[in-house]
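Subject: Structure handover

Hello,

Here is the structure you are taking over. My notes on it follow below the display, grouped by topic.

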Amino acid sequence: MATRPDCIFCKIVRGEAPAHRVYEDELTLVFMDIFPVTDGHTLVITRDHFENVFEADEVALTAIARTSHKVAAAIRSALAPDGLMIFQLNGQAAGQTVFHYHMHLMPRTSGEPLALHTRVPGVPARLAELAGKLARALALVLAVAHMACLTPASVRQEREVWRGEWNARVLAAKTAWENPCATRPFIAWADPFLASCPEGDESAECSARRDWVEDRVDQCRAWTAWQLRNFNKHERTEGEPPSVLID
Ligand code: 5GP
Ligand code: ZN
């Protein structure tokens with residue numbers, strides 16, 4: 001690993017200097033800026049020492065982008081700022097003060113004057129609190145990203161097609177009996193939809209198809225209950241039925 005004995009960020013990576021750490025992985029480290037310009041000002045750095053963007057290799061650049069993207073989501077969910085400024089300085093002329101490649105993530109409030117640096121240190125208790133908050137939010141972001149990766153891209157694309165087909169059926173229905181949630185149309189839709197998936201087939205495709213049908217069953221329950229309440233007496237009493245369109 002490329003490291004420099006006197007670089008402050010290398011010292012943080014090696015655990016020789018303290019920092020309010022938020023997250024770390026194989027290639028990157030995230031911690032609170034000790035001189036925060038705004039509440040929640042966070043740094044994403046490479047574990048390896050690169051002076052700036054010109055020295056950093058593609059693997060490092062990609063890793064910084066990937067981690068920054070997740071930290072951005074965590075900042076948004078934990079702090080809900082008006083805006084988020086993400087920037088990276090190269091060379092003294094650009095304002096760089098620590099010569100170890102890193103990204104700034106700075107939550108911003110509307111109307112606040114723009115600044116890149118301050119020399120006012122953060123309150124340690126607040127930095128620790130923010131680090132904890134962001135770490136928890138980030139854990140959630142990572143869990144969701146992990147779940148999304150478990151769903152193959154092909155299945156995600158297919159869901160778009162399925163959604164279009166279902167919504168088209170809903171919109172084409174002229175009477176309640178043609179609604180895809182009505183018993184006969186539902187069976188007529190579900191049977192062929194699951195025909196390629198014999199019981200016991202646990203492939204991603206078949207699991208996705210079964211989940212899709214289950215979701216529709218859940219969704220149709222409210223619609224069916226409305227039908228029972230409103231059509232038993234052959235009259236509408238509660239206005240429009242619940243929509244069964246998929247967003
Ligand atoms: P640059 O000016 O190089 O883009 O950003 C360096 C940042 O690192 C500044 O925002 C500065 O406040 C921050 N910084 C400098 N020394 C330390 C330190 O020892 N610990 C932490 N957490 N941040 C530091
Ligand atoms: Zn360094």
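**Ligand 1 and its surroundings**

A polar backbone atom of Ile34 lies 3.3 Å from a nitrogen atom of ligand 1. Please bear in mind throughout that this is a predicted model. Two further contacts of this kind involve oxygen atoms of the ligand. An N or O atom in the side chain of Asp33 is 2.4 Å from an oxygen atom of ligand 1. At Val98 the backbone takes part instead, with an N or O atom 2.8 Å from an oxygen atom of ligand 1. On its own, ligand 1 has 520 Å² of accessible area, and the protein covers 92% of it.

Where does ligand 1 sit? Its place is in the largest pocket. The shell around ligand 1 consists of 17 residues, and the closest are Asp33, Thr97, Val98, His104 and His117. At least two residues of that shell come from each of α1 (8–14), β2 (28–32) and β5 (102–108). Which of the elements gives the most to the shell? That is α1, with three residues.

**His41**

One of the residues closest to ligand 1, His104, also has a side-chain partner in the protein. The side chains of His104 and His41 are joined by a polar contact of 2.9 Å. His41 belongs to the loop between β2 and β3. A second contact of the His41 side chain goes to the backbone: one of its polar atoms lies 3.1 Å from the backbone nitrogen of Val37. Is His41 buried or exposed? The relative accessible area of His41 is 1%, so this residue is buried.

**Disulfides**

How many disulfides does a search of the whole structure find? The search finds two. As a reminder, a disulfide is a covalent bond between the sulfur atoms of two cysteines.

One disulfide links Cys181 and Cys220, with an S to S distance of 1.9 Å. The torsion about its S-S bond is about -70°, and therefore this disulfide is left-handed. Cys181 is in the loop between α4 (153–172) and α5 (183–194), while Cys220 is in helix α6 (residues 204–231), so the pair ties together parts that are 39 residues apart in sequence. Cys181 and Cys220 are both buried.

The other disulfide is formed by Cys197 and Cys206, whose sulfur atoms are 2.2 Å apart. The link of Cys197 and Cys206 is left-handed, with -85° about the S-S bond. Cys197 has 9% relative accessibility and therefore counts as buried. For Cys206 the relative accessibility is 3%, so Cys206 counts as buried.

If the bonded cysteines of the protein chain are numbered in sequence order, the pairing reads 1-4, 2-3.

Cys7 counts as buried because its relative accessibility is 11%. Cys10 counts as buried as well, because its relative accessibility is 1%.

**Other residues**

Ala80 has a positive phi of about 45°, although Ala80 is not a glycine. The residue is located in the loop between α2 (58–79) and β4 (83–87). Is Ala80 buried or exposed? With a relative accessible area of 57%, Ala80 is exposed, because the cut-off for that is over 50%.

Thr46 is part of strand β3 (residues 42–46). A polar atom of the Thr46 side chain lies 2.7 Å from the backbone oxygen of Asp48. The relative accessible area of Thr46 is 2%, so Thr46 is buried.

Leu134 is a residue of helix α3 (residues 124–150). Its relative accessibility is 1%, so Leu134 counts as buried. How far apart are Leu134 and Arg76, in sequence and in space? They are 58 residues apart in sequence, and their C-alpha atoms are 9.5 Å apart in space.

Regards

Notes: Residues numbered from 1 in each chain as written. Chains lettered and ligands numbered in written order. Predicted model: local features only at pLDDT ≥ 70, side-chain atom pairs only at ≥ 80, totals over all residues. Heavy atoms only, no water. Disulfide = S-S within 2.5 Å. Helix = DSSP H or I, 4+ residues; strand = E, 2+ residues; numbered from the N terminus. Buried < 20%, exposed > 50% of the residue type's maximum accessible area, 1.4 Å probe, protein only. Near = heavy atom within 4 Å. Polar contact = N/O pair within 3.5 Å; in protein donor to acceptor, adjacent residues only side chain to side chain. Areas by Shrake-Rupley, 256 points an atom, 1.4 Å probe, with all protein chains shown as cover. 1 Å grid on protein atoms, 1.4 Å probe; cavity = no way out; pocket = protein on both sides within 12 Å on 5 of 7 lines; lining within 4 Å. Sits in = over half its atoms within 2 Å of the grid points.
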